[in-house]
Amino acid sequence: MVLFSASLSGCSENNPSIEKGVSVGNTKKIKIGFSMGTLQEERWQRDRDIFVAKANELGAEVIVQNANNSSDDQYSQVKYLLEQDIDILAVVPHDAISASSIVQLAKKEGVKVISYDRLVKNAGVDVYISFDNVKVGELMAEYTIEKVPKGNYVIINGAKTDNNTSLFNKGYKKILDPYVEKGDIDIVSEIWAEDWVPEEAYKCIEQTLKKGERIDAVIAGNDTLAASAIQALAERRLAGKVAVAGHDADLAGCQRVVEGTQHMTIYKPIDIIAQSAAVIAVQLAKGQDILCNSKINDGKYDIPYYMIKPIAVTRENIVETVIQDGFHKLEDVFRNVPKSQWPKEQWDREIYGEENAVDKQ
């Protein structure tokens, strides 16, 4: 667990630390509004649950609103949250640009704003907490090039309204461009899936193949898009033959990694971001400054940024990452794989317990 501590000197570029067991104290109960752009993917449901649990542990109340990928609904829901006399607003913007109006609403009411995972552009939020999203793209491209150093690539980006999508793309291109310039890699198709709709990924692969283009590798903005791409490949008996990268390390994505139809995913420790954000929310509501480890420009303002490192996950390290962290259970990840192919040492621990597993070595 990464830790935070409050600072009297504002946001610092030192590594932040969360003081375990931070409490609200004897003041009135803090009320946090959590405006989420979507709960469509598994990971957002995890963010919500962990954030709420940590805030409750600290004595705060959380009111969650889900905009279902609608900027208009998100605006209306934030108005509602402000009417509930919230002390702090955490927002996962559906649209990075239009969400600036949400921040302005909150500022008029004297409510500080945390931009959670996705950055609100040109708004001057108080704190941005997210992963190194350019690094996410770099890792996806690096592992794909390692698998397919030459060939035809398809890039399936997420929604243009999500600032993270642009950052992922920046990471892809930073790694891929030199190979494209040498002629080793040809990007035969690239799309931006509106609102992260998975059907867009399916259609992209299907149409590319119908044109007669060979596909050697696919880089998809998240595991849900990767799943639809793999579905289209499977219909041509190409699943497992084409390298597919995803991101979010959702359960289905991790299952595909061990099954061999997806060669990698990106693990972003949700426990760290969600619990850290809950602590930040409580500290900001109490008027404390927050230590951060970076800064980011939102297009107009330099924003204090708590940056968390992403982790590339393959079949080789999946036990030491998502399973060891308790993000997914081994038996769930390997459910569709014959037990003869399960990692023996870890399976012994599941069956016999740590001490007896060691005895059996």
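# Reading the terms in this model

Me: What should I know about the model before going on?

Reply: It is a predicted model, in which local features need pLDDT of at least 70 and side-chain atom pairs count only at pLDDT 80 or more, while totals for chains, interfaces and linings use all residues. Residues are numbered from 1 along each chain as its sequence is written, and side-chain values use heavy atoms, with hydrogens and water left out.

Me: Which residues of S13 are on its covered face, and which on its uncovered face?

Reply: Ser294 and Ile296 make up the covered face of S13, Lys295 and Asn297 the uncovered one. In a regular strand, side chains alternate between the two faces of the sheet.

Me: Why is Asp298 called buried?

Reply: Buried means under 20% relative accessible area (exposed is over 50%, partly exposed in between; 1.4 Å probe, protein chains only). Asp298 has 0% relative accessibility, so Asp298 counts as buried. Asp298 is found in the loop between S13 (294-297) and S14 (302-308).

Me: What does Asp298 touch beyond residues up to four places away in sequence?

Reply: The contacts (heavy atoms within 4.5 Å) of Asp298 are Leu119, Val120, Lys121, Asn122, Ala123, Gly124 and Ile303. Asn163 is 135 residues from Asp298 along the chain, with 9.7 Å between their C-alpha atoms.

Me: How do you know that the side chain of Asp298 has a polar contact with Lys300?

Reply: A polar contact is a pair of N or O atoms within 3.5 Å; within protein, one must be able to donate a hydrogen and the other to accept it, and residues adjacent in sequence count only if both atoms are side-chain atoms. The side chain of Asp298 reaches the backbone nitrogen of Lys300 at 2.8 Å.

Me: Where does Thr144 lie, and which backbone oxygen does its side chain reach?

Reply: Thr144 lies in helix H4. A polar atom of the Thr144 side chain is 2.6 Å from the backbone oxygen of Met140. Thr144 is called buried because its relative accessible area is 0%. Leaving out residues up to four places away in sequence, Thr144 touches Tyr153, Ala217, Ile219, Ala245 and His263.

Me: Why is Asn169 called buried?

Reply: Asn169 has 11% relative accessibility, so Asn169 counts as buried. The place of Asn169 is in helix H5. Apart from neighbours within four places in sequence, Asn169 is in contact with Ile155, Asn157, Glu190 and Trp192.

Me: What covers the buried residues of H8?

Reply: The cover includes helix H7 (223-234), strand S11 (265-267), helix H10 (319-323) and helix H11 (330-333). The buried residues of H8 (residues 251-259) are Gly253, Cys254, Gln255, Arg256, Val257 and Val258. Gly260 follows H8 and has a positive phi, near 100°.

Me: What makes a space a cavity, and how many are found?

Reply: On a 1 Å grid over the protein atoms alone, a cavity is a set of points where a 1.4 Å probe fits but cannot get out; a pocket is an open set with protein on both sides within 12 Å along at least five of seven lines, and lining residues have an atom within 4 Å of a point. A search of the whole structure finds one cavity of 30 Å³ or more. The largest cavity is lined by 13 residues, of which Trp44, Arg118, Asp162, Trp196 and Asp248 lie nearest its centre.

Me: Which residues lie nearest the centre of the largest pocket?

Reply: They are Lys147, Gln262, His263, Thr314 and Glu316, out of 17 lining residues. Helix H4 (residues 133-147) gives the largest share of this lining, three residues.

Technical notes:
Helix = DSSP H or I, 4+ residues; strand = E, 2+ residues; numbered from the N terminus. Points joined across faces, edges and corners; volume = space filled by probe spheres on them.
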